[in-house]
Amino acid sequence: MTPDPDLYAPIVDLNEAEKSDIKTLFKKLNTGIQGISNQEAETRIKIYGPNALQEKQVNLILKFLSYFWGPIPWMIEIAAVLAVLSKDFDTFVIIFAMLLINGLIGFFEEHQASNAMEALKKELANEARVLRDNKWQEVEASNLVPGDIVHIKLGDVIAADIKLIEGKYLSVDQSAMTGESLPVTKKVGDVAYSGSIVKQGEMTALVTATGINTYLGKTAKLVQSAGASSHFQETIMRIGDFLIIVALVFGGILISVELLRGIELFKLLTFVLVLIVASIPVAMPAVLSVTLAMGAMDLARVKALVTKLQSIEEMAGVDVLCSDKTGTLTENKIKVGEIFTFKAHNNSELLITAALASNHDNGDTIDLAVLSALQDKNAMQDNQQLEFTPFDPISKRTEATIQDVSGNRFKVSKGAPQVIMEMCKLDKKESTRVNQIIENQASKGYRTLGVAKKSGDDNWQFMGILSLYDPPREDSKATITAAEHYGLRVKMITGDHIAIAKQIAAQLGLGTNIVSADEIFNGSSDTETSMQKIEKADGFAQVFPEHKYKIVKALQSMGHYVAMTGDGVNDAPALKQADVGIAVPGATNAARAAAALVLTGHGLSTIVKAIEKARHIFQRMLSYVIYRITMTLDIMVFVVLAMIIFNMFPLTAKMIVLLALMDDIPIMAIATDHTYISSKPVRWKMKKVLTSSGMLGMLALIETFGLFLLIHYKAPGLLDNIQTIMFLQLIASGHLMLFVTRTEKFFWQKPYPSRLLFLAIIITQILAAIMAGLGLLMSAISWNVIALIWGYNVIWVLGIGIINGLVNKHWKSQYNIEQV
């Protein structure tokens, strides 16, 4: 029998759990301090579901088959079917192999990167200690339900969202959730999140939410729904659509003409097969994937690991970088700043006193900062630390008993200035001075630390105050300047107070228009005003991880390509939604899984280097796409015109397939080509791409058809070998055309082609010349004819190169149009 959901309370959300008192929650969840029974728990799990993250199951077979569905795969599949119907099985095998390779590359690349949910699951606890049937017992964390009473202690991973009901305190590391570097103190009445780790303390708590309804679970739900559309995939689809339209138009013309001529159906199928194979860049997905994969290796050398290959193209177009302050713009190391002495005679005495109240083995961040600030490491050698009490959230200070070289004992302490001040019983004048220092340092974004000393039965003496801060990285300011040079705007993201954010932003030269996230998302501003604030802001303060997701979405809706850094579990939705999510060093598994780029080097400079590399890679892909569309137009239009006008095959079907292989497979070496770095973000502008391709395609067609006409009318003795001649012509003109498309300048100017690309082109040309000269898979032609064909192409490529360089120069000077 299925339990009636109406008998149970609705789900308690996080906001309600934080605001409601314990008695109210007990009543709402129909439970109490004694917990529930095992039988009741079994009933509730049917209502609330298991305490686990639910993931949409994807059929891997259907996922794999999806890579054979789309404009370009359809065209290749039609060509394969026609090859079978025409009984041209050699052609079918070649086409089918290319189709399978393209599908496998896409499937494995995406499958490897789609593990964000699995990583989120790893952040959850495996077991929990729960009070059921009036006795404590260990249960699997997945069996927890709202209303359970659980016991939490040092080292535990909290298994569900909980309300603390008994005990002194917990010190909880929720950095995996929020990115906060220091543990957070929790007391009775506070809420702790699923996935947090207990660093100190022991308490009893009420489970308020489980599974997908927890703070972590909502993150998982966002991760599933998050994700910006890939501009790379959209571009490939648009290129495919364009080529299909062109193929249909010319195919329709060809079919109409040949039917009127009374050609038999078998021959017509052969013609259509030639047209389809000629009009498809069969290896384009594979070439672009190899280019991206080679680029990923380049990025790894600058300490940026790529988890989603297509994100490299997105990175080249990024114009807004939302960067975490802590650890990326700053060192993420607490350091001692200004020093204010009271009873201490000088700065050195104050630092030594603070250092004696610290313990290196304790591993406390503040202790290590104080010890690092002590320049004379031998200054403490005459003192022995007999006892040490570490910082805890109740006392808010450390304390140590020290024995000096004479055997005298004294005590030292450091901690929250208000606590140390009260302990020292300062007079009104000194108290006023302390409070002024605290307020002044807080306005700069600095924390403060009070230091005290006590000898024998004397009163505690207030020795002074140390300010603490997280300094900017040495390279951050210069890197931000370099980023601006590349058209990249850096916006700082921090959970710190707005005063701290403004202080750091001013030091880095980011600007001081820092906006509080609360002002944007919880204020009275309308949507349009909020969007304007987000776009104009130099940074955002008091940001919770869920705000990051909204900031990314807002910037994307205004046409920006956004990169976002993050490290916590709750950063995962923003990282996945961003055009380029960047997991910084030390990020959680979930953040790394959701990110497109995982940094192994600290600082903003690593990100800027990655963007530089990405723009190099984008230019390589752009060169190939323009080249491939150009040659597709050349081959397709030439074949159709020759067949319609002269009623003959200018190439065999086998030659066209060989053209595709010899054009594309060696051209994978373009992945190593030398390119320039654009000073602006680069994106696919299809109108410009198609205009350039169309112009070059027209020039290439004139070159190819010109040679065909020369032979037809001026050298009819070569007509018996016209197919071999035109095959060699298209191979030579195609590869020489790549030298033109790889740069917007005159092709003989720097940057020059890479050695591997140059060798790949030369080797392919030699191979094609040998096939034509020896008559391999075609009729043989003389070496003199081969030399004349090459001379003809060299003259033409010089002319096309001049025209292309002049046109690009005109576009850039008149309309400020980038190559893309």
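Arg 44 sits at a relative accessible area of 1%, so it counts as buried (buried is under 20% relative accessible area, exposed over 50%, partly exposed in between, with a 1.4 Å probe and protein chains only). Its partner is Glu 40: the two form a salt bridge with the closest N and O atoms 2.9 Å apart (a salt bridge is a side-chain nitrogen of Lys or Arg within 4 Å of a carboxyl oxygen of Asp or Glu). Both belong to helix H3 (residues 38-48), and because they are four residues apart, about one helical turn separates them. Helices (H or I, at least four residues) and strands (E, at least two) are DSSP runs, numbered from the N terminus.

## Where the numbers come from

This is a predicted model, so local features need pLDDT of at least 70 and side-chain atom pairs count only at pLDDT 80 or more, while totals for chains, interfaces and linings use all residues. Residues are numbered from 1 along each chain as its sequence is written, and side-chain values use heavy atoms, leaving out hydrogens and water.

Arg 132 is buried at 4% relative accessible area, and Asp 148 is buried at 0%.

## A partly exposed pair, and the rest

Lys 533 and Glu 519 meet in a salt bridge at 3.1 Å, N to O. Lys 533 lies in helix H22 (residues 527-536) and Glu 519 in helix H21 (residues 517-521), so the pair ties together parts 14 residues apart in sequence. Lys 533 is partly exposed at 23%, and so is Glu 519 at 38%.

Salt bridges with shared partners also join Arg 397, Glu 399 and Lys 411 into one network. Across the whole structure, the search finds 10 salt bridges.
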